[in-house]
Amino acid sequence: MKTRLTGYAFITPAMLLLITFGVLPIAVAMVVSLTDMNLAGLGDWSRIRFIGADNYTALFADRAFWQAMGNTALFAVVGVPAVVGLSLLIALGLNSSQGRFFRALRSFYFVPAITAIVAVALVWGYLFNTQFGLFNHLLSLVGLPPVPWLSDPVVVKFSVVWVAVWRGIGLNVIILLAALQGVPKEYLEAASIDGASRARQTFSIVLPLLRFALFFVTITTIIAWLQFFDEPFVLTKGGPLGASTSISLFLYQKGFSASQFGYASAGSVVLFVIIAVVTVVQLRARRADVDY
Amino acid sequence: MKSIRMAAAPALIVVGALALAGCTSSEPEGEAADPGSLTVWIMGDSSENFDALVAPFEEESGVDVETVAVPWDAIDQKFTTAVASGEGPDVLQIGVSKLRTFADSGALLELGADTVADYPNLAAGNFLDGVAGEATAIGGKVVSLPWVSDTRVLFTRTDILAEAGIDAPPATWDELRADAKTLAGRGDGQYGYYIPQWDSALPVVMTWDQGGEIVDADGMIDFDTPEFQQAVDLYTGLYADGSVPTNSDFDQTQGFVSGAAPMLVSGPYLAGAIADAAPELEGKWTVSTLPTAAAGTSLLAGSNLGVWGSTKNEEGALKLLDFLSAPETQVSWFASDGQLPTVKAALSDPALAGDPLVEVYSQQLADARLLPLVPNWDGETGKALLDALNSIVLTGADRDQTLDALFQTTSGTSVN
């Protein structure tokens, strides 16, 4: 009895915070999504009208909403494998030695993740500039025509994804590196005695032992990329005619710039449902955790 | 080991409690404001200059003015938060394109004739006709007073135009289109003009200059007019001629300085930016009033000042507004921050009248209009207009279909 109470006592503060700042806003958003709340309604609650599912019907008929959904799906499909794959490769590379240079490289890869997004966007914005940017200047030196990095509806998606991948690798490298260092050396030694090459050891021993860390990294990266916001917001503000607008940016623009809180809340409820479904599918699909 | 763990638990709880107490002890700003202080929201980079501007006011009246710098991008969110929490500043700068949205929230104090009667500088007759009194009243109520004005004029690189055989800045829109085509023929990467893809005022100004209106007699937005079609012809024609860059990240100042875009329609802030970026270009560029067609009307923009409805220092706020509307203050604000006055006496002050650039600005201000005060120009109506035009010129969308969709989307919007 006493042990169970102690356990509850320890988790209660965190649970209260989670409920207040996590669950309660979602419940509020669900309620607001059934109204036509805007800035006028925010100032005077008597001006808010209950309109049922009208926001949802308008949302699903909105071309810009589907464009944002399509963009977000593309960002996730391209970005998540890129981030997870590159993080894994870099972590494997960094793990190959404990020397000072390699330890310094770890900080080097982590720096983009902790640099302020506005500073990052400013610099990348200058690099990507069509007339005066470094990339097009380098292309002109080898005689290639300038690329409209942030103006072309297709290229802008990849430019934005690339900056986000560059930023996202850092944290995942650290997590995977920590997991790699938990792989018992005895297994690798035993395998090399049996004649396994480095590549074989990596694929058959190291990667399976990394399953939990990879699973964690993949889930958090997918959730983060479905809520992709920072890079399109600061680099292109949604891109030429919505070409780089992600669903989060679309909701932000509708909710805060256009002050249509009811409409944006409907969108955020839809996004919440999608992310919840994706996460549940992943949790179910994962095989039972085998303890090695 | 166990004793260490026993000692650690209470220590952790104490630390946790202190941390939580630390989090809650910082009180929101407006709660305990003493009567002798004012919080003022100023946009952009002007807050330091504003501190210097109000120093004499602080000394004379004893009111302590705290300036909060608000980036233009963040004002919507900041205002929404203030409305939701009920705690805002005392005085805030309001860009006229946002005036309707802010006024609709009901958060601004009404500045009726009786409220401002004691303050001679705040009389409507002191300000430019285009922004004074009824011009910026929302729903018949005046909730803000003019502060600084802004307009759009034509910037041209006279040296580049002379090389191409053009003696003077174009006087009509047709001349501008022809000149732009000539200048774009200078070579790859060289253009004649620049149309900012975020500028929703430009097509409206073009419509006004064709002699048209975008608001009909009932106060509803109506783009379905022959003058608007002529303006669209001009807008799309500049793109079709290849005279303007098509990438969205074209840097206006760099383009003007490097000569890639030797003609621009922009505001007085650009003059300062060019002088800073390229002082060696002095004498090689000029400013003139907008080209005309049936008219030469330009945009009247700028910012007003509003007082927060639930301010605890209404008298101090009105005194500050009175100080800021004094002609001397408006002149010194122009000297330090480069923003044009709205007070007529300040515009005709000798200190300003001697500046050739200001002469052009004043001339243009005499023929300048506000954008229609619809519920949300920046986020809805103006955005719909820009999206329609940009999809025609950048992605080749069908012109008639796109414009029809625009007419449908915007026809229900009213200025009332």
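Modeller: The crossing of α4(A) and α8(A) is right-handed. This is a predicted model.

Colleague: Which residues do α4(A) and α8(A) cover, and at what angle do their axes cross?

Modeller: Helix α4 of chain A covers residues 63–95 and helix α8 of chain A covers residues 155–180. Their axes come within 7 Å, and the crossing angle is roughly 40°.

Colleague: Why are α4(A) and α8(A) called oblique to each other?

Modeller: Angles under 35 degrees count as roughly parallel, and roughly perpendicular begins at 65. The angle here is roughly 40°. That value falls between the two classes, and therefore α4(A) and α8(A) are oblique to each other.

Colleague: What classes of residue make the contact of α4(A) with α8(A)?

Modeller: The contact has 19 nonpolar residues, six polar and one charged.

Colleague: What makes the axes of α6(B) and α8(B) another case to look at?

Modeller: In chain B, helix α6 (residues 173–184) and helix α8 (residues 226–240) have axes that come within 10 Å and cross at roughly 10°. The cut-off for roughly parallel is under 35 degrees, so α6(B) is roughly parallel to α8(B).

Colleague: Which residues of α6(B) and α8(B) make the contact?

Modeller: From α6(B) they are W173(B), R177(B) and A180(B), and from α8(B) they are L234(B), G237(B) and L238(B). By class, that contact has four nonpolar residues, one polar and one charged.

Colleague: How do you know whether L251(A) is buried or exposed?

Modeller: By counting. L251(A) has 24 other C-beta atoms within 10 Å. The cut-off for buried is 20 or more, so L251(A) is buried.

Colleague: Where does L251(A) lie, and what is L251(A) in contact with beyond its neighbours in sequence?

Modeller: L251(A) is part of helix α13 of chain A, residues 247–257. Leaving aside neighbours within four places in sequence, its contacts are A264(A), G267(A) and S268(A). V269(A) is 18 residues apart from L251(A) along the chain, and their C-alpha atoms are separated by 11 Å.

Colleague: Why is T202(A) called partly exposed?

Modeller: T202(A) has 15 C-beta neighbours inside 10 Å. Buried needs 20 or more and exposed needs 12 or fewer. The count lies in between, so T202(A) is partly exposed. T202(A) is placed in helix α10 of chain A, residues 198–209.

Colleague: What does T202(A) touch, not counting residues up to four places away?

Modeller: T202(A) touches L92(A) and L207(A). T202(A) and L188(A), 14 residues apart in sequence, are 8.8 Å apart in space, C-alpha to C-alpha.

Colleague: How many helices and strands does each chain have?

Modeller: Chain A comes to 14 helices and zero strands. Chain B comes to 17 helices and 10 strands.

Colleague: What are the spans of the two C-alpha traces along the principal axes?

Modeller: Chain A spans about 75 × 75 × 30 Å. The box for chain B is roughly 85 × 65 × 50 Å.

Colleague: What share of the contacts with a separation of 6 or more comes from residues 24 or more positions apart?

Modeller: That share is 67% in chain A and 75% in chain B.

Colleague: How is chain B divided into domains?

Modeller: Domain 1 is 37–151 + 300–369, and domain 2 is 153–298 + 373–410. The centres of the two domains, taken over C-alpha atoms, are separated by 28 Å. Across the boundary, 19 residues of domain 1 of chain B are in contact with 20 residues of domain 2 of chain B. On the domain 1 side, α15(B) gives the largest share, five residues. That side has seven nonpolar, six polar and six charged residues.

Colleague: How many residues of chain B are in contact with chain A?

Modeller: Chain B has 26 residues in contact with 18 residues of chain A. On the chain B side, α3 (75–85), α4 (99–104) and α16 (377–395) each give two or more residues. The largest share, seven residues, comes from α16(B).

Colleague: What is the make-up by class of the side of chain B that touches chain A?

Modeller: It has six nonpolar, 14 polar and six charged residues.

Key:
Residues numbered from 1 in each chain as written. Chains lettered and ligands numbered in written order. Predicted model: local features only at pLDDT ≥ 70, side-chain atom pairs only at ≥ 80, totals over all residues. Contact = placed C-beta atoms within 7 Å. Helix = DSSP H or I, 4+ residues; strand = E, 2+ residues; numbered from the N terminus. Nonpolar A, V, L, I, M, F, W, Y, C, P; charged D, E, K, R; others polar. Domains from an automatic or database assignment. Axes fitted to C-alpha atoms, helices over the stretch in contact; angles between N-to-C directions. Parallel < 35°, antiparallel > 145°, perpendicular 65-115°, else oblique. Left-handed = near helix turned anticlockwise from the far one by under 90°.
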